[in-house]
Amino acid sequence: MCGRYASIKAPTDLADEFRAVDATDGATEPDYNVAPTKSIVTVVQRHPRDADGTPDPDVTERTLRLVKWGLVPSWAKDPKAGARMINARSETAAEKPAFKRAMNARRCLIPADGWYEWQRGPDHKQPYYTRYADGSSLAMAGIWEFWKPKDDPENAYPDGLVTASVLTTGAVGDLAQVHDRMPLLLPPSAWDAWLDPDTGADDESVAAWLVPPSDELVGSLELRPVSPLVNSVRNNGPDLLAPFEDVPEPLQLDLLAGPNPA
């Protein structure tokens, strides 16, 4: 699963890295402990609309947008449902009622500097942090959805609510020593197909990426234990990423350093 991650880079830098236009209005700050229900940066690609709301079928625009983490299906009666839908299994998301519409037409990338996962021991739970060794941003596969209540007498959602989930897959290599699931990471070569709003989830150009990451990608990751301070969402700062030495049962790691896969 993916229930916590770090998002440190400025939107302007992410816009360059993901070849997108920054539409966040500078409303983000470095977050070393991103938790469910927070606003998160996503990369989406849509057809621009004219003044009447008609999309241009011949043009697409890639932008950075802020959404809430925890997908609320369009048919949900209560937005609180999103707190239970922070992740979607890549193997079944295209079939699940809560996710299949988004999988077919509203896929996104969720940039992250790294993600946290917890290894459960007999009497402890040790957090680990995983990132690209060269400092590049992770591109976690995601899906997003638009929700608006049928009745909103207090006008609590005048513009509706946009939410997202992180797709997960089976953990590979040493990552499986920590947890059996991990975020579905997409290399740059997958981004165009994944973000294409006109390509369904059953198209081979998309379906081919719904698998655990390659050995090359895993070999470019760095995995290290970090302080249990990250366990509390109230803690937030660069100290959360520092290597932690006092580990009861340290893993025997053999992740290979290498370049970010193309």
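Among the contacts in the protein between residues at least 6 apart in sequence, 71% join residues that are at least 24 apart. The model is a predicted one, and its secondary structure consists of five helices and 13 strands. The radius of gyration is 18 Å, close to the 18 Å that the globule rule gives for 262 residues, so the protein is as compact as a globular protein of that length. Taken along the principal axes, the box filled by the C-alpha atoms is roughly 60 × 40 × 35 Å.

A search of the whole structure for aromatic pairs returned five. One of these pairs is formed by Phe18 and Trp191, whose rings are stacked, with 4.5 Å from centre to centre and an angle of 20° between the planes. This pair links distant parts of the chain, since Phe18 belongs to the loop between α1 (11–17) and β2 (21–22), whereas Trp191 belongs to helix α3 (residues 188–195), 173 residues apart. Phe18 counts as buried because its relative accessibility is 0%, and Trp191, at 4% relative accessibility, likewise counts as buried.

Tyr116 and Tyr129 form another aromatic pair, in this case tilted, with the centres 5.1 Å apart and the planes at 45° to each other. Tyr116 lies in strand β8 (residues 114–120) and Tyr129 in strand β9 (residues 125–132), so that the pair ties together parts of the chain that are 13 residues apart in sequence. Tyr116 has a relative accessible area of 0% and is therefore buried; Tyr129, with a relative accessible area of 2%, is buried as well. The arrangement also takes in a tryptophan, as ring pairs link Tyr116, Trp118 and Tyr129 into a cluster.

Aromatic rings also take part in contacts with arginine side chains. The charged end of Arg106 sits over the ring of Trp144, at 5.9 Å from the centre of that ring. Arg107, in turn, lies over the face of Trp194, and here the distance to the ring centre is 5.6 Å.

No disulfides were found in a search of the whole structure, the count being zero. Cys2 takes part in no disulfide, and the cysteine sulfur nearest to its own, that of Cys108, is 12 Å away. Cys2 is buried, its relative accessible area being 0%. For Cys108, which is also in no disulfide, the nearest cysteine sulfur is that of Cys2, 12 Å away. Cys108 is buried too, with a relative accessible area of 0%.

With a relative accessibility of 14%, Ser7 counts as buried, because the cut-off for a buried residue is under 20%. When its neighbours within four places in sequence are left aside, Ser7 is in contact with Glu29, Pro30, Asp31 and Val34, and also with Pro111 and Asp113.

Note on methods
Residues are numbered from 1 along each chain as its sequence is written. This is a predicted model: local features need pLDDT of at least 70, side-chain atom pairs count only at pLDDT 80 or more; totals for chains, interfaces and linings use all residues. Side-chain values use heavy atoms; hydrogens and water are left out. Rings of Phe, Tyr and Trp (its six-membered ring) pair if their centres lie within 6.5 Å; planes under 30 degrees apart count as stacked, over 60 as edge-to-face and the rest as tilted. Helices (H or I, at least four residues) and strands (E, at least two) are DSSP runs, numbered from the N terminus. Buried means under 20% relative accessible area, exposed over 50%, partly exposed in between (1.4 Å probe, protein chains only). A charge sits over a ring if NZ of Lys or CZ of Arg is within 6 Å of the ring centre and within 35 degrees of the ring normal. A disulfide is a pair of cysteine sulfur atoms within 2.5 Å. The radius of gyration is taken over C-alpha atoms; the globule rule is 2.2 Å times the number of residues to the power 0.38. Contact means heavy atoms within 4.5 Å.
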